[in-house]
Amino acid sequence: MSRPLESGAEYARDIRRRRERGFMIAAVVFGVGAVLWFLFWILVALFAFSLGPFVGLVLVLVAFGGAVIPAGTAYLCFRVARPAPFPGDIAIEPEEPIRGQSVQIRVIRHGLGGRAAGCDVGLVAVERYDVQTTDGDGNTHRGTSQAEHTAQWARVEATAGEETLEMQIPADGPFSYEGDAVAYRWRLEARVHRRMRPDRRAVVPIWVRP
Amino acid sequence: VLDVSVSDEPFAPGDTVPGQIVVDRDVSGRELLVALRYIETSPDFKECAVEVVSTPLAQGEVPAGTTLEFALDLPTDALPGFRSEHASLHWEVDAWVNKRGLDPHTRLELDVRLP
């Protein structure tokens, strides 16, 4: 029942690892696909120019046009794997709140960019629990699932500046706990929503005492 | 086989949990024990995070109708119980007869809250 000091950091690493694994593979696959598509059609276009400029030009457009979609998908996957950092800083006081306690959340925002559609700051609690899973061969494995337990969000200005918010840790919510079969994890999170682009996020794990 | 009851609920960390075990029918084993446990429960698994075990309350044959008193202390840093949609944490009293083969257990969930 002792508190693992690195529980929050381990949680953040966990999220990063899972993202990196899946989305980075997808980014590489789509990226390589885009390059191969582009090179193939450019080579064909070079050959086609000898037949006539119009056919060559059309094939150059095919090379660019066809590469845009997988290249864009590769970029999106890369950004999900490695989210753009939050342009600022967030902090909570006290750092180890007690359930039912009010907390002060300080949000420092540098330039959020013209595409910022809004900035949300929230306290999120997640429950993680071990489950038994069965693979295609009928072998059973012990895995971990998670679900959001509590989340409260506040909208702050999407412009540069500093703001202090007050929120309350729910008295009937979970306390931070790291066990063998069950864990409850809290985090402070800030998200800058950007039009047509992935959110910029900052996550600060926090330890909520019972 | 064993009927467990406690009094003075709810409990707080550091409290003594007083209770009694009534033996329903004759039992024979090496010893009769009782423990407080902090249990993590997920949909498919159950783990014990903390355990406080008594000294044997009885040894050898225990005739039906015997009543055994016990008092176990919760740790001073005991966490409270908590239940969510998919998981729970709770304290329980577990009384069992240590014998050959499967030990018969009787468990009772405790209400532990912070003061």
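This is a predicted model: local features need pLDDT of at least 70, side-chain atom pairs count only at pLDDT 80 or more; totals for chains, interfaces and linings use all residues.

Reply: Residues are numbered from 1 along each chain as its sequence is written, chains are lettered from A and ligands numbered from 1 in the order in which they are written, and side-chain values use heavy atoms, with hydrogens and water left out.

Me: What makes a space in the protein a cavity?

Reply: On a 1 Å grid over the protein atoms alone, a cavity is a set of points where a 1.4 Å probe fits but cannot get out. Its volume is the space filled by probe spheres set on the points, which are joined across faces, edges and corners. By this rule there is one cavity of 30 Å³ or more, and the largest cavity has a volume of about 40 Å³.

Me: Which residues line the largest cavity?

Reply: A lining residue has an atom within 4 Å of a point. Among those that line the largest cavity are Arg30(B), Glu31(B), Gln59(B) and Val97(B). Strand 3 (27–41) and strand 5 (58–62) of chain B each give two or more residues to this lining; strands here are DSSP runs (E, at least two residues), numbered from the N terminus. Strand 3 of chain B gives the largest share, six residues.

Me: How do you know that strand 1 and strand 2 of chain B are paired?

Reply: Two strands pair if DSSP finds at least two bridges between them. Five bridges join strand 1 of chain B to strand 2 (residues 16–23) of chain B, and the two run antiparallel; they therefore meet the definition of a pair. In one of these bridges, Val6(B) has Gly19(B) as its partner.

Me: Why are strand 1 and strand 6 of chain B called edge strands?

Reply: The open sheet has three strands in the order 1-2-6 (chain B), with antiparallel pairing. Strand 1 (2–6) and strand 6 (67–73) of chain B each have a single partner strand, so one side of each is left without a neighbour in the sheet.

Me: What is the order of the open sheet in chain A?

Reply: The order is 1-2-5 (chain A), again in three strands with antiparallel pairing. Strand 1 and strand 2 (residues 102–109) of chain A share six bridges, and Ala91(A) stands opposite Arg106(A).

Me: How many residues does each chain bring to the contact?

Reply: Contact means heavy atoms within 4.5 Å. By that rule, 23 residues come from chain B and 21 residues from chain A.

Technical notes: On a 1 Å grid over the protein atoms alone, a cavity is a set of points where a 1.4 Å probe fits but cannot get out, and a pocket is an open set with protein on both sides within 12 Å along at least five of seven lines; lining residues have an atom within 4 Å of a point. Helices (H or I, at least four residues) and strands (E, at least two) are DSSP runs, numbered from the N terminus.
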